[in-house]
Amino acid sequence: MPKNSKVTQREHSSEHVTESVADLLALEEPVDYKQSVLNVAGEAGGKQKAAEEELDAEDRPAWNSKLQYILAQIGFSVGLGNIWRFPYLCQKNGGGAYLVPYLVLLIIIGIPLFFLELAVGQRIRRGSIGVWHYVCPRLGGIGFSSCIVCLFVGLYYNVIIGWSIFYFFKSFQYPLPWSECPVIRNGTTTVLEAECEKSSATTYFWYREALDISDSISESGGLNWKMTLCLLVAWSIVGMAVVKGIQSSGKVMYFSSLFPYVVLACFLVRGLLLRGAIDGILHMFTPKLDKMLDPQVWREAATQVFFALGLGFGGVIAFSSYNKQDNNCHFDAALVSFINFFTSVLATLVVFAVLGFKANIMNEKCVVENAEKILGYLNTNVLSRDLIPPHVNFSHLTTKDYMEMYNVIMTVKEDRFSALGLNPCLLEDELDKGTGLAFIAFTEAMTHFPASPFWSVMFFLMLINLGLGSMIGTMAGITTPIIDTFKVPKEMFTVGCCVFAFFVGLLFVQRSGNYFVTMFDDYSATLPLTVIVILENIAVAWIYGTKKFMQELTEMLGFRPYRFYFYMWKFVSPLCMAVLTTASIIQLGVTPPGYSAWIKEEAAERYLYFPNWAMALLIALIAVATLPIPVVFILRHFHLLSDGSNTLSVSYKKGRMMKDISNLEENDETRFILSKVPSEAPSPMPAHRSYLGPGSTSPLEAGGNPNGRYGSGYLLASTPESEL
């Protein structure tokens, strides 16, 4: 600004400033908006409030490098679900056929909405609360719901990390403690533990040694002290990783995001060298085409897409809010989505290669056991030796020879065959048993590895790092919006969150805790998350405006995104998600929620429905997670909660001068604030006003310049509409 301007003279003099903002702007030289800050605050808070927001905008942390940011997004999106949930769903829902609905939904829902969250976070540079209050004040409750869902997920997700920590420390033994059933001495005789003998060594170790699980959710059984200690360790690790925000978590990501790929690569090479690995991989990629028409498969694929990319949690928005505004988030969306899908496929190859090896071993064991039964029947004349093909050699019995012998016996002894208790020992049956939990199926397979403790240590260290990366993003989805909005001390609030979550998490380390994990994982987070993602899409595409959003992306990125995104955001994605949400609600109504309980006496799982009190808790959790959305909508619709549209405060960084403007007419506001010449003024602000609550940022402040700081980018020369 020229030194002899009227504004400068008055600033350096002691004379009281009496001109209106309109007079000041009329006398002002053209402003370099990239070097000034136009701040619009929703409270008549005066100079101190505006100055605080100005400093907050300038002092916002930023990633040290683009690599650190990409690793953070990968660490958040690539988690434990990629290692066991995706392979399990692939096996359950038709092998290679499952990849079709997953890829379709990834393209039409996953990538567009992931790009949307990256863009709004980077443009507005706030957490989920500030972002959605700005985009649409009436739907500002979306941000609060995202925080609650993050809390729900973080509570049980860290319990899974605790399980991994327990197995990690137990892996430093040879043989592995879950490789054999424990022996009970009864006087001079020794017998195997009955529960273990009926099931398997790995299953027994998981349910009895690790979880010490009760028979139902109604039987608490008290705290499992081993898992309580592991949960404390898990929250301590997470707390240390996130206490300084991205300054601490960004450094952790270098190891937690890259190390799992080293382990997966080692497991893939080792797995492919195992006998029977190809059988497992071929089984995975053999499509069952009838599954592609099953609505349940599409619903599960959509849920997996949401969880895999972290949509709706707020973590994606939080991480992108620390970016420079000229960052190419379009490229980031495609890159992270591809890496996520690649990781899922890589993990599935590893899992099925290892399980193919395990299936062959178990199939050979089955052949030996049933061959011994047949020899016993031959020795007691229950079966005639004429039924045994002459070329069969019991000392070197192959699977093919056994199947031939089995078919002959079944044909001749058709009426009495079931009494013989013979098993066909089909490799397909072993592979169809599924992947189950990583703590059962994969651990059992590793007991057959040479140097099994080494592979077990590596595997569970990988799970800990995968879980840690996801937990850092989940915590960012909680802390970033709250800190941005309410200006609470970062370190104190973060530590407080971890302590609070640990004590609430004791619910999950009871002997019945695993059943509560199922409740939170399968029900309490899934439905609210779907609602959040739908409303995010509607808020941007239908309320804020897809054309306006595309134009602002063009100005931010320097190029226009593909029209594909316009149609996905506007029509395809919301329609698909509405159908999937309806299907989920119908599914809940048709099939009452339940869980798989481990019955000690039977040494087997049994599916039980949740009791009435558990159903009430489940409904309450879903209600709590979604309640902020209608509450904020009603309060704003009936003007019971101010959106900050009645007062404005304007501050200029260069002159360090501020003037309060109250209750301006809209035409005057457009004329005096946005432009001196009406014909040059951009289009008026949307009918809704940006959220201007505690610590929030108005749309005029939120305009960005290329260096990633808040500037007065609301009035750029090429901007036809309000900036996001």
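Start by selecting Arg208: this side chain is buried, with a relative accessible area of 10% (buried means under 20% relative accessible area, exposed over 50%, and partly exposed in between, using a 1.4 Å probe and protein chains only). Before going further, note that this is a predicted model, where local features need pLDDT of at least 70 and side-chain atom pairs count only at pLDDT 80 or more, while totals for chains, interfaces and linings use all residues. Residues are numbered from 1 along each chain as its sequence is written, and side-chain values use heavy atoms, with hydrogens and water left out.

Arg208 and Glu195 form a salt bridge, with their closest N and O atoms 3.0 Å apart (the rule is a side-chain nitrogen of Lys or Arg within 4 Å of a carboxyl oxygen of Asp or Glu). Arg208 sits in helix α10 (residues 201-210) and Glu195 in helix α9 (residues 194-198), so this pair ties together parts that are 13 residues apart in sequence. (Helices are DSSP runs of H or I with at least four residues, strands are runs of E with at least two, and both are numbered from the N terminus.) Glu195 is buried too, at a relative accessible area of 5%.

Which residues are linked with these two in a network of salt bridges? Select Asp212 and Arg511: together with Glu195 and Arg208, they make up the network. The side chains of Asp212 and Arg511 meet in a salt bridge of their own, at 3.6 Å from N to O. Asp212 lies in the loop between α10 and α11 (225-242), and Arg511 in the loop between α22 and α23 (513-524), so the pair ties together parts that are 299 residues apart in sequence. Asp212 is partly exposed at 28% relative accessibility, and Arg511 is partly exposed at 25%.

Stay on Asp212 and check its backbone. Its phi is positive, about 45 degrees, although Asp212 is not a glycine. Most residues other than glycine have a negative phi, and most peptide bonds are trans. Next, jump to Ala451, where phi is also positive, near 55 degrees. Ala451 lies in the loop between α20 (438-446) and α21. For a peptide bond to look at, go to Tyr174 and Pro175: the bond from Tyr174 to Pro175 is cis, with omega near -5 degrees. You'll find Pro175 in the loop between α8 and β1 (183-186).

While you're around α8 (residues 141-170), pick out Cys150, which is in that helix. Cys150 is buried, with a relative accessible area of 0%.

Next stop, Asp484 and Arg60. Their side chains meet in a salt bridge (3.0 Å, N to O). Asp484 lies in helix α21 and Arg60 in the loop between α3 (46-58) and α4 (66-77), so the pair ties together parts that are 424 residues apart in sequence. Are the two partners buried or exposed? Asp484 is buried at 7%, and Arg60 is buried at 6%. Across the model, the count comes to 10 salt bridges.

(On a 1 Å grid over the protein atoms alone, a pocket is an open set of points where a 1.4 Å probe fits, with protein on both sides within 12 Å along at least five of seven lines; lining residues have an atom within 4 Å of a point. Points are joined across faces, edges and corners, and the volume is the space filled by probe spheres set on them.) There are 24 lining residues, and the closest to the centre are Pro61, Tyr322, Ile483, Asp484 and Lys490. Color α12 (246-272), α21 (452-486) and α22 (490-505), each of which supplies at least two lining residues; α21 gives the most, with seven. The lining divides into 11 nonpolar, six polar and seven charged residues. (Ala, Val, Leu, Ile, Met, Phe, Trp, Tyr, Cys and Pro count as nonpolar, Asp, Glu, Lys and Arg as charged, and the others, Gly among them, as polar.)
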